[in-house]
Amino acid sequence: MSDKNAVIQTCLDMNETGLNIGKSGNVSFRNNGGFLISGSGICYADMTPGDIVQMDLDGGYFGDVLPSSEWRMHLDLYSKRPEAQAVVHVHSPYATAVSCLRKDVPAFHYMIGLTGGASLRCAKYASFGTAELSIEMLKAMEGRNACLLANHGMICFATSLDAALALGVEIEMLCKQYVLACQLGKPINLDDNEMSNILERFKTYGKNSSELEGYESPAFLPPVRRDL
Ligand SMILES: [Zn+2]
């Protein structure tokens, strides 16, 4: 599959997973020239490779289709976070609902560690598409690979399109669980010590055996691989 088709497929998967409804979400993928990003205001079901826009890391774009209005956040992530290979931004219902409270989601559940830290931060409010929003997003992303955007939605990145989409799905699920828990009462959060244990353990989360070589943790030893 070409890189442009992979971006289109991720856009379609965002709809399939319920992360996105309508045209508000956007997806990008780092490549040699900068990055590919979904075009502005195009219905995903009708998207063709011609609707995926090549941008450079100086804010230039190629072709007749305008890049997503949120291109700046994507560009800044690729510029400032070398580990970012793919970025997903959505206005998914629960993450967006929580973002309207303008507060961080604490460690009410250990899976919050998927963000790379002990909370899901919410970036300060700024208008969509502005450099100011991007600056606030980068601050909320320090040491993290996902954040909420106040009164707006969420954004996350990963080392592949599939991983970025999967992280987006997890973040949306966490926000849904947080909303449900808050309806029942005041969630009891995991303490810093437990979350540092969890974050240590997450170093092995989703890894294959070769990636675990040299990994040592007295509390969380990975299972022992036997010879077949
Ligand atoms: Zn947006």
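1. Start with the contacts of helix α4. Its buried residues pack against α2, β6, β7 (146-149) and β8. Contact here is a C-beta to C-beta distance within 7 Å, with the C-beta atoms placed from the backbone. A residue is buried if 20 or more other C-beta atoms lie within 10 Å of its own, exposed if 12 or fewer, and partly exposed in between. Helices (H or I, at least four residues) and strands (E, at least two) are DSSP runs, numbered from the N terminus.

2. Some ground rules. This is a predicted model: local features need pLDDT of at least 70, side-chain atom pairs count only at pLDDT 80 or more, and totals for chains, interfaces and linings use all residues. Residues are numbered from 1 along each chain as its sequence is written.

3. Back to α4, which covers residues 131-140. Leu133, Ser134, Glu136, Met137 and Ala140 are its buried residues. They span an arc of only 165° around the axis, so they sit on the same side of α4. The arc is taken from the directions that run from the helix axis to the C-beta atoms. Exposed Ala131 and Lys139 are on the face turned away from the buried side. The general rule is that an α-helix has 3.6 residues a turn, so residues three or four places apart point the same way.

4. Overall make-up. The chain has 6 helices and 8 strands. Their order from the N terminus is α-β-β-β-β-α-β-α-β-α-β-β-α-α. The radius of gyration is 18 Å, close to the 17 Å of the globule rule for 228 residues, so the chain is as compact as a globular protein of that length. That radius is taken over C-alpha atoms, and the rule is 2.2 Å times the number of residues to the power 0.38. The C-alpha trace spans about 55 × 50 × 30 Å along its principal axes. Of the 228 residues, 38% count as buried. Among contacts with a separation of 6 or more, 59% come from residues 24 or more positions apart.

5. The sheet. Two strands count as paired if DSSP finds at least two bridges between them.

6. Strand β2. A hairpin through 2 residues links β1 to β2. The two strands, residues 26-31 and 34-38, run antiparallel and share 4 bridges. Asn31 stands opposite Gly34, and Ser28 has Ile37 as its bridge partner. On to β3: β2 pairs with it in the antiparallel sense over 4 bridges, with Ser38 opposite Ile52. Of the 5 residues of β2, 5 are buried, so the strand is largely enclosed by the rest of the structure.

7. Strand β5. This strand is mostly covered, with 5 of its 5 residues buried. Ala86, Val88 and Val90 point one way, and Val87 and His89 the other. β1 and β5 run antiparallel and are joined by 4 bridges, with Val27 opposite Val88. β5 also pairs with β8, antiparallel over 5 bridges. There, His89 has Ile155 as its bridge partner.

8. The core. The largest nonpolar core has 55 residues, of which Met137, Cys147, Leu148, Met154, Cys156, Ala164 and Ile171 touch the most other members. Helix α5 (residues 161-184) gives the most to it, with 8 residues. Such a core is a set of buried Ala, Val, Leu, Ile, Met, Phe, Trp, Tyr and Cys residues joined through C-beta atoms within 7 Å. Not counting residues up to four places away in sequence, Met154 touches Val90, Ser92, Ala95, Ser99, Ala146, Cys147, Leu148, Leu149 and Ile171.

9. Leu57 is in the loop between β3 (52-55) and β4 (61-62). With 13 other C-beta atoms within 10 Å, Leu57 is partly exposed. Beyond four places in sequence, Leu57 touches Gly34, Leu75, Tyr78 and Ser79. The C-alpha atoms of Leu57 and Phe35 are 7.7 Å apart, across 22 residues along the chain.

Technical notes
Contact = placed C-beta atoms within 7 Å.
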